[in-house]
Amino acid sequence: MAFTPSNEIRIDLSGQSAIVTGASQGLGRAIALRLGENGAHVACVARTPEKLAETVGAITAAGGSAQAITCDVKDRSSVEAAVDQVSDLWERVDILVNNAGITRDTLLLRMSDEEWDDVIETNLRGAFLFTRAVSRLMMRARYGRIINMASVSGIMGNPGQTNYSASKAGLIGLTRSLSRELASRKVTINAIAPGFIASEMTEALGDAVLQEVKKRVPARRLGKPEEVADAVLYLSSVSASYITGQVLVIDGGLTG
């Protein structure tokens, strides 16, 4: 009999609760769906309630449990209220995926203070605020999984993205430093650095640019959101208890 590989992995997260920021679209939506399909209660966090409702509906339609939470990740009180809501709802926070992110691309000499601040505050400050808020709960429970969505741009840089690359490099530094603070409490923190993944963000580049991108990627294609979501699922599991402070690059060989 021929062996047919499964197109997704399965890990039992029953009874656990997860927070996924930026869950209304793209990678965040795929990650929230994957965690929900594998039994986790998922708090889907974003600023737009309409898009969040679509993600929550998809999770519940698949038999999962989810809650939409509108939140400004840049605002400390909003973040702390969101974490309190999840803790009150499911009495625990086991998994945090810091995925919320934006771009404001332009060359540095043309970049405004606002374009720099918006990206740094959303991509890096937002992750800091959520991580600080859930770390207290995880340390007390002596268990937790934190996954930061970085980018290959934070490793190799990208012209026109000094703000974005700086924010993602900052996430990698946060990951590696904090892993040393939390490991003794059985809380792991890792980063995933995707390359070019099919999403609303990459679609905005246009067909001509995407064709050039595919030529640069040894795999000769864009990644799929589900491929990144499966990596998040594994790092969220008990099986990944000895992996912390690491950066997993998912880029089809782009960075070698």
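This is a predicted model: local features need pLDDT of at least 70, side-chain atom pairs count only at pLDDT 80 or more; totals for chains, interfaces and linings use all residues.
**View 1. Salt bridges around Arg34.** One partner is Glu37, with the closest N and O atoms 2.8 Å apart. Arg34 and Glu37 sit three residues apart in helix H1, so about one helical turn separates them. Another partner is Asp230, where the closest N and O atoms are 2.6 Å apart. Because Arg34 belongs to helix H1 and Asp230 to helix H9, this pair ties together parts that are 196 residues apart in sequence. Arg34 and Asp230 are both buried, while Glu37 is partly exposed at 32% relative accessible area.

View 2. Glu212 and Lys215 pair up, their closest N and O atoms being 3.3 Å apart. Both lie in helix H8 (residues 207-216), about one turn from each other. Glu212 is partly exposed, at 45%, and Lys215 is exposed, at 53% relative accessibility. Elsewhere, shared partners join Arg34, Glu37 and Asp230 into one network.

**View 3. The largest nonpolar core.** Welcome to a set of 33 residues, in which Leu35, Cys44, Val97, Met149 and Ile192 have the most contacts. Elements giving two or more residues to this core include strand S1 (17-21), helix H1 (26-37) and helix H9 (225-235). Among the residues that Met149 touches are Leu27, Ile31, Val97, Ile192 and Val232. Another core, of 25 residues, lies apart from this one and includes Val134, Met138, Leu174 and Ile189.

**View 4. Cysteines without a disulfide.** The whole structure has zero disulfides. The cysteine sulfur nearest to that of Cys44 belongs to Cys71, 13 Å away, which is too far for a bond. Cys44 is buried at 0% relative accessible area, and Cys71 is buried at 5%.

Definitions and conventions. Residues are numbered from 1 along each chain as its sequence is written. Side-chain values use heavy atoms; hydrogens and water are left out. A disulfide is a pair of cysteine sulfur atoms within 2.5 Å. Buried means under 20% relative accessible area, exposed over 50%, partly exposed in between (1.4 Å probe, protein chains only). A nonpolar core is a set of buried Ala, Val, Leu, Ile, Met, Phe, Trp, Tyr and Cys residues joined through side-chain atoms within 4.5 Å. Helices (H or I, at least four residues) and strands (E, at least two) are DSSP runs, numbered from the N terminus. Contact means heavy atoms within 4.5 Å. A salt bridge is a side-chain nitrogen of Lys or Arg within 4 Å of a carboxyl oxygen of Asp or Glu. Lists of a residue's contacts leave out its neighbours within four places in sequence.
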